[in-house]
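Dear colleague,

Please find below the structure that I am handing over to you. My notes on what was found in it follow directly after.

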Amino acid sequence: MKIATFNINNVNRRLPNLLAWLSASAPDVVCLQELKADDRAFPEAAIREAGYGAVWQGQRTWNGVAILALSREPVLTRGFLPGDAGDAQARYIEAAVGGVIVASIYLPNGNPQPGPKFAYKLAWFERLIAHAQALIDAGVPAVLAGDFNVVPTEADIYANHSWRNDALLQPESRAAFRRLLDQGWTDALRAVHPEGPLWTFWHYLRRRWPNDKGLRLDHLLLSPAIASELADAGVDRHVRGEEGASDHAPAWILLDR
């Protein structure tokens with residue numbers, strides 16, 4: 001079972017890129033982030049023609065998340081992250097696919113920091129940590145996949161970088177990600193590739209892609225109930241180099257099930 005995450009950075013603008021990658025890679029489950037489209041504008045017909053059922057929470061501007069499933073319908077289990085009934089940002093969706101609970105996550109960026117956006121990021125992270133613990137306590141096979149907007153360690157960003165004041169690298173952001181892992185979640189990409197760059201994001205500016213100055217922002221975390229099934233993981237780097245590409249590349253895992 002192949003599960004992928006892809007910050008598509010506008011699902012309608014990048015639809016040709018998405019469909020080409022789906023055809024070439026044929027993942028069983030895809031978690032999309034940053035749809036930048038409301039519910040009615042989600043390209044359901046084109047995605048169904050490509051062979052995928054879908055559930056989604058659309059939103060204009062920077063948000064919106066979806067889960068696609070090949071040749072089946074994902075069963076929506078949660079359309080929001082619990083803990084704040086007043087939070088209207090579409091950043092979390094969860095579905096059951098093939099006996100696995102899969103979450104598509106678009107964690108807040110948090111810039112500029114310090115300030116209210118960074119406070120929202122950390123508060124959202126606390127809600128995610130609480131819900132993730134509930135999933136582990138339930139003993140379900142679960143995958144938390146998406147753009148966590150966290151560079152976990154200095155090994156996850158190019159050398160001699162200039163991001164030190166960015167919210168993605170702050171000690172509080174990294175500590176929250178570590179607390180998540182300490183619950184028992186497996187960082188699948190690092191489990192398979194413990195050393196070396198695993199960039200999933202290259203900024204459009206300053207020739208970051210041609211110079212391979214990337215960051216690892218997109219993660220797939222496995223609950224203890226499913227971690228032993230991990231067979232492979234990787235990043236489809238070439239997708240970032242295509243015409244009209246998102247600034248993220250898809251990351252994926254292969255489960256032995």
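Ser104 is buried, with a relative accessible area of 0%; buried means under 20% relative accessible area, exposed over 50% and partly exposed in between, using a 1.4 Å probe and protein chains only. Please note that this is a predicted model, in which local features need pLDDT of at least 70 and side-chain atom pairs count only at pLDDT 80 or more, while totals for chains, interfaces and linings use all residues. Residues are numbered from 1 along each chain as its sequence is written, and side-chain values use heavy atoms, with hydrogens and water left out.

Ser104 belongs to strand E7, which spans residues 100–106. Helices (H or I, at least four residues) and strands (E, at least two) are DSSP runs, numbered from the N terminus.

A polar atom of the Ser104 side chain lies 2.9 Å from the backbone oxygen of Leu32. The Ser104 side chain also reaches the backbone oxygen of Ala66, at 3.4 Å. A polar contact here is a pair of N or O atoms within 3.5 Å; within protein, one must be able to donate a hydrogen and the other to accept it, and residues adjacent in sequence count only if both atoms are side-chain atoms.

Leaving aside neighbours within four places in sequence, the residues in contact with Ser104 (heavy atoms within 4.5 Å) include Cys31, Val65, Arg91, Tyr92 and Ala145.

**The sheet and strand E4**

An open, mixed sheet is formed by 6 strands in the order E3-E4-E2-E1-E12-E11; two strands pair if DSSP finds at least two bridges between them. Strand E3 (52–57) and strand E11 (230–235) stand at the edges with a single partner strand each, so one side of each has no neighbour in the sheet. From one strand to the next, the twist averages 15 degrees; axes are lines fitted to C-alpha atoms, for helices over the stretch in contact, and angles run from 0 to 180 degrees between N-to-C directions.

Strand E4 (residues 65–70) runs antiparallel to E3, joined by 6 bridges. Trp56 has Ala66 as its bridge partner in E4, and Gly53 stands opposite Ala69. E4 also pairs with E2 in the antiparallel sense, over 5 bridges, and Val30 stands opposite Leu68 in E4. In E4, 5 of its 6 residues are buried.

Yours sincerely
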